[in-house]
Amino acid sequence: MAERYKRAPITEAVIEIRYAEPAETDLLAKVCADFGTTYPFQHPLVNYDVTVGLPPPNVRGEAVTQINQATGHRLSSVDQAEILLLWPLTFVVSQLAPYPGWDVFFGRFQRDWDTWKRVVGYRKITRIGVRFVNRIDIPQVDRVFEETDYLRVYAKLPGSFGPITGYGVQAQFPPDDEGCRLTLNSGLVPSPLVDYGSVLLDLDIAREISPPQKDEDIFVLLDKIRTKKNAAFEACITDQAREFFRK
Amino acid sequence: MTGIVIYPQSALPGSSASLLTALQPAISQRTNVIAQGIQALQNGPLPSSARLDTRPDSTETPIHERLFDALAAAKVLTSRVAMHLTLEWRDKLFRQLDSLHDPEEWEEGDIPVQQASFMTFLKAMVAVNPTRRPGLGLSHAGNLIAAWTIGKDRLTIEFMLHDRVRWVISLHYDDDPVRYAGDVPVSRLNEGLAKHNPELWFHSGSENRQHP
């Protein structure tokens with residue numbers, strides 16, 4: 001079992017289920033009403049996807065504009081730390097800091113998933129993903145910090161370049177034996193703290209190839225993804241970071 | 001070792017889709033494919049980034065909606081530093097914010113807490129880490145004000161925009177009032193208060209205060 005840090009750097013934890021067929025607008029409205037007690041704050045969301053097709057140079061023709069509109073709902077708890085996003089094609093459970101631990105987070109997912117499925121019913125699942133966004137806050141000395149003291153993922157550059165003011169590292173790995181793919185993003189972000197520098201470590205693990213369709217299989221997969229996520233996180237940080245998170 | 005020098009507003013590079021779009025005509029098809037591949041590696045927007053502040057912050061917006069928006073934004077901002085706060089303090093802070101924005105008590109013309117002021121407050125609180133929790137209030141401009149009181153003496157800090165703080169200390173020597181004041185970046189708050197016994201205000205809070 002992974003160590004539970006006193007000062008876990010998780011800023012947002014997300015479980016997302018994607019569908020092949022969209023849920024109808026009236027079903028989304030009904031399920032929002034059913035969530036009214038657990039998520040008293042509810043806001044409609046609209047996502048516009050605009051595509052403009054232009055004819056090639058020197059070819060006569062008119063631009064073709066296509067606008068797709070999706071309506072969703074953002075539901076949140078009183079303290080705004082628990083968020084549920086309901087879109088026609090996605091069901092998203094999100095937890096902002098403070099992260100209460102996997103058991104509590106996963107328990108909330110199971111509870112909300114049950115409510116969602118009772119109303120929306122079965123639809124073919126195309127993707128099951130877990131995403132953990134961590135922000136590693138590193139103390140500065142004279143406005144400088146060494147990210148290598150805390151992280152094992154960073155940009156490796158020639159020393160002759162001197163100090164750097166920002167970087168980004170992105171990596172994607174082939175599907176593993178469970179068919180899950182890890183996408184890693186890391187880079188400098190503005191720190192919300194005084195005299196600290198902050199580095200983002202964003203781990204997204206998802207299965208898109210033949211994702212399970214039955215609840216018990218989905219739950220088993222999510223638990224396996226959680227183990228993979230913990231292993232990936234531990235591989236990305238140093239002992240000095242672990243000590244910092246324990247304080 | 002690649003020591004990072006911090007400048008304000010640094011951000012994860014390469015995250016701008018509009019930059020890629022703008023450069024597209026200027027670079028080769030093969031480079032475009034590589035650039036699109038890099039962009040595909042980036043994870044999508046987070047649920048927390050789904051905008052809450054879609055309503056205009058104008059006096060025409062119903063007051064209960066403006067209060068809700070301000071409170072929700074403050075609580076989401078708190079989540080950014082929640083790992084550095086105790087649960088007890090976070091809960092107390094939320095109760096204070098709820099009370100400050102009670103629609104029943106709200107007076108027409110007042111401005112709810114400003115996000116930039118609240119962010120300055122959070123930075124200061126994580127840096128100072130006071131075990132004595134302050135009383136909170138709002139200025140007419142929507143800046144958060146925190147106060148620590150010992151007997152008749154008081155430390156008041158107003159958290160301004162752009163990471164600045166204004167502080168005033170009111171002391172009483174045999175009913176003879178004395179005031180000290182400062183206006184500093186939040187990163188220099190500890191330094192500004194150093195001569196005025198910050199330990200007493202923020203931690204011990206003894207009634208038998210020794211004047212600085």
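## Composition of chain B

Chain B contains seven helices and six strands, where helices (H or I, at least four residues) and strands (E, at least two) are DSSP runs, numbered from the N terminus. From the N terminus on, its elements follow the order β-α-α-α-α-α-β-β-β-β-β-α-α. This is a predicted model, in which local features need pLDDT of at least 70, side-chain atom pairs count only at pLDDT 80 or more, and totals for chains, interfaces and linings use all residues. Residues are numbered from 1 along each chain as its sequence is written, and chains are lettered from A and ligands numbered from 1 in the order in which they are written.

Of the 212 residues in chain B, 26% are buried. A residue is buried if 20 or more other C-beta atoms lie within 10 Å of its own, exposed if 12 or fewer, and partly exposed in between, with C-beta atoms placed from the backbone. Among the contacts in chain B with a separation of 6 or more, 52% involve residues 24 or more positions apart; two residues are in contact if their C-beta atoms, placed from the backbone, lie within 7 Å.

## The sheet of chain B

Chain B has an open sheet of five strands in the order S2-S3-S4-S5-S6, with antiparallel pairing; two strands pair if DSSP finds at least two bridges between them. Strand S2 (135–138) and S6 of chain B lie at the edges with a single partner strand each, so one side of each has no neighbour in the sheet. From one strand to the next, the twist averages 20 degrees.

Strand S4 (residues 153–159) of chain B pairs with strand S5 (residues 164–173) of chain B in the antiparallel sense over six bridges. In this pair, Glu158(B) is placed opposite Arg166(B) of S5(B). The hairpin of S4(B) and S5(B) has four residues between the strands, and His162(B) takes a positive phi near 55 degrees there.

The antiparallel pairing of S5(B) with strand S6 (residues 176–185) of chain B extends over 10 bridges. Opposite Asp176(B) in S6(B) stands Tyr173(B), and opposite Pro177(B) in S6(B) stands His172(B). The hairpin formed by S5(B) and S6(B) has two residues between the strands, and Asp174(B) in the turn has a positive phi of about 50 degrees.

## Composition of chain A

Chain A has four helices and 10 strands, arranged along the sequence as β-α-β-β-β-β-α-β-β-β-β-β-α-α. Its C-alpha atoms fill a box of roughly 60 × 55 × 40 Å, taken along the principal axes.

Of the contacts in chain A between residues at least 6 apart in sequence, 68% join residues at least 24 apart.

## Strand S5 of chain A and its partners

Strand S5 (residues 90–96) of chain A is largely enclosed by the rest of the structure, because six of its seven residues are buried. S1(A) and S5(A) run antiparallel and are joined by seven bridges. Across this pairing, Glu16(A) stands opposite Val92(A) in S5(A).

Strand S4 (residues 82–86) of chain A also pairs with S5(A), in the antiparallel sense over five bridges. Ile83(A) is found opposite Ser94(A) in S5(A), and a hairpin of three residues joins S4(A) to S5(A).

## Tyr19 of chain A

Tyr19(A) belongs to strand S1 (residues 10–19) of chain A. The residue is partly exposed, with 18 other C-beta atoms within 10 Å.

Tyr19(A) and Lys124(A) are 105 residues apart along the chain, yet their C-alpha atoms are separated by 5.7 Å. Leaving aside neighbours within four places in sequence, Tyr19(A) is in contact with Leu89(A), Arg123(A), Lys124(A), Ile125(A) and Thr126(A).

## Helix packing in chain A

Helix H1 (residues 25–34) of chain A packs against helix H2 (residues 102–120) of chain A at an angle of about 140 degrees, with the axes 9 Å apart. That angle makes H1(A) oblique to H2(A). Axes are lines fitted to C-alpha atoms, for helices over the stretch in contact, and angles run from 0 to 180 degrees between N-to-C directions. Angles under 35 degrees count as roughly parallel, over 145 as roughly antiparallel, 65 to 115 as roughly perpendicular and the rest as oblique.

H1(A) passes H2(A) in a right-handed crossing; a crossing is left-handed if the near helix is turned anticlockwise from the far one by less than a right angle, and right-handed if clockwise. Leu27(A), Lys30(A), Val31(A) and Asp34(A) of H1(A) make the contact with Thr115(A), Trp116(A), Val119(A) and Val120(A) of H2(A). By class, the contact of H1(A) with H2(A) comprises five nonpolar, one polar and two charged residues. Ala, Val, Leu, Ile, Met, Phe, Trp, Tyr, Cys and Pro count as nonpolar, Asp, Glu, Lys and Arg as charged, and the others, Gly among them, as polar.
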